[in-house]
Amino acid sequence: PALQARWAPPQCRDSPRQCRCCRWRRFRVSAPSSLGALVRLFLRLGFAGFGGPLVHIAIMETEVVERRRWLSKQEFLDGLALCQMLPGPASTQLGVLICHARGGLRGALIGGAAFILPGFCVMLAFTLLYERWGALPVLGPVFAGIAPAVVAVILFSAWRLGRSAVTRADTAVLCAAGFVLTAWLRFDTALTLILCGAAAAVLRRLAAGGATARVWALPALVTAAPEVYARLAWLWIKMGALVYGGGYVIIPVVRGEAVQRFGWMSDRVFLDGLALGQMTPGPIVNLSVFVGYQAGGLLGSIVAALGVFAPAFAVVLVAVPLMNRFKHLSWMKNFLAGVNASVVGAIVAATIPLARSAVVSPFTVIIGLASVGILWRFKVDTVWLVLGAGAVGWLWSLAG
């Protein structure tokens with residue numbers, strides 16, 4: 001009743017969960033969660049999100065849909081479909097969307113910042129260690145254990161999402177199309193989702209025609225001229241706002257600017273920064289922290305990180321209300337149904353190269369199979385599963 005009185009129009013007497021005129025409002029801001037709960041969850045997700053955006057999405061699905069039931073599977077799928085089609089880091093945008101759905105604008109800003117902060121801090125720590133010793137921390141055994149567990153988490157999440165998204169013959173075909181277009185034909189992910197969504201909208205419309213429709217001392221904050229910080233900000237705003245197809249597509253653009261045009265670092269240092277980015281939680285755009293430090297010290301890291309993540313907040317906060325206004329229309333429902341089905345196929349396709357690089361020995365096979373069994377049999381927290389797998393990898397290296 002309190003929610004109804006707050007969100008429903010005066011003439012509406014149904015509950016927000018049932019009423020058509022209120023349902024889009026419920027997706028935008030559902031039953032409020034305390035900011036403390038949002039911050040605790042997304043800080044934890046930010047620390048445990050090794051392996052890239054697919055890992056973040058899988059863990060979010062487990063925590064938000066399965067464990068806490070903050071969103072339904074359909075709401076999660078609709079939000080994921082929207083974020084996959086928007087420019088910028090999809091997993092960050094999805095985190096902002098979830099926080100917005102649970103805590104409004106304040107929740108989106110604070111919860112989204114909590115999700116980004118761990119990756120920024122870990123990447124900055126690794127950058128300072130690299131600046132001190134000129135070498136990478138030895139963390140290989142830990143990640144040998146984490147990688148197969150991450151693959152298991154992604155696949156298990158794709159299976160669960162598929163049960164909700166693939167419910168008819170046409171969505172099964174679109175799921176297969178999303179897999180084929182992504183894995184074999186190497187289509188851009190956003191283009192794949194749009195094509196599949198449009199196909200679903202058209203086909204269902206046609207069918208409706210016959211039926212119904214440095215480390216020991218504090219590093220200097222400012223180490224460069226003002227124009228360097230302006231260039232950093234502009235570079236990473238472009239990366240955050242104009243890039244489709246996953247974080248890896250930023251690599252040639254950033255290298256062209258940071259190495260060739262401005263000479264902030266050498267190719268060797270740039271490659272080391274990429275390696276550090278693979279060893280930290282959070283999306284690959286955390287490379288901005290390393291590049292920013294090389295160009296302008298600690299302030300450069302902050303400027304670059306703000307530049308790359310700010311568009312994700314802005315785009316989501318603009319796009320979500322628009323989607324909520326139109327998603328009750330039949331053509332939008334059909335479009336989202338096609339996108340949701342193809343998202344599942346695209347996730348499975350993107351997991352294949354991850355599995356090839358992660359499952360490389362009998363030990364990693366055992367870790368992967370054990371992770372699947374644990375996920376299937378027990379409702380274990382995926383964050384602790386991933387961190388536990390890393391501890392097992394470290395212990396195995398000590399035993400060997």
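Contact here means heavy atoms within 4.5 Å. Helices are DSSP runs (H or I, at least four residues), numbered from the N terminus.

This is a predicted model, in which local features need pLDDT of at least 70 and side-chain atom pairs count only at pLDDT 80 or more, while totals for chains, interfaces and linings use all residues. Residues are numbered from 1 along each chain as its sequence is written, and side-chain values use heavy atoms, with hydrogens and water left out.

**Exercise 1. Work out how α3 and α4 are arranged, and which residues meet between them.**

Step 1: Two packed helices are described by the angle between their axes and the distance between the axes. For α3 (residues 35–48) and α4 (residues 53–67), the angle is about 155 degrees and the axes are 11 Å apart. The axes are lines fitted to C-alpha atoms over the stretch in contact, with angles running from 0 to 180 degrees between N-to-C directions.

Step 2: Angles over 145 degrees count as roughly antiparallel, so α3 and α4 are roughly antiparallel to each other.

Step 3: Now list who touches whom. From α3 come Leu41, Phe42, Arg44, Leu45 and Ala48, and they meet Ile59, Met60, Glu63 and Val64 of α4.

Step 4: Sort that contact by class, and you get 7 nonpolar, no polar and 2 charged residues. For the sorting, Ala, Val, Leu, Ile, Met, Phe, Trp, Tyr, Cys and Pro are nonpolar, Asp, Glu, Lys and Arg are charged, and the others, Gly among them, are polar.

**Exercise 2. Check the span of α3 and find its buried residues.**

Step 1: The expected span is 1.5 Å times one less than the number of residues. The 14 residues of α3 should therefore span 20 Å, and the end C-alpha atoms are 20 Å apart, which agrees.

Step 2: Buried means under 20% relative accessible area, exposed over 50%, and partly exposed in between (1.4 Å probe, protein chains only). In α3, Leu38, Leu41, Phe42, Leu45, Gly46 and Ala48 are buried.

Note on methods
Helices (H or I, at least four residues) and strands (E, at least two) are DSSP runs, numbered from the N terminus. Angles under 35 degrees count as roughly parallel, over 145 as roughly antiparallel, 65 to 115 as roughly perpendicular and the rest as oblique.
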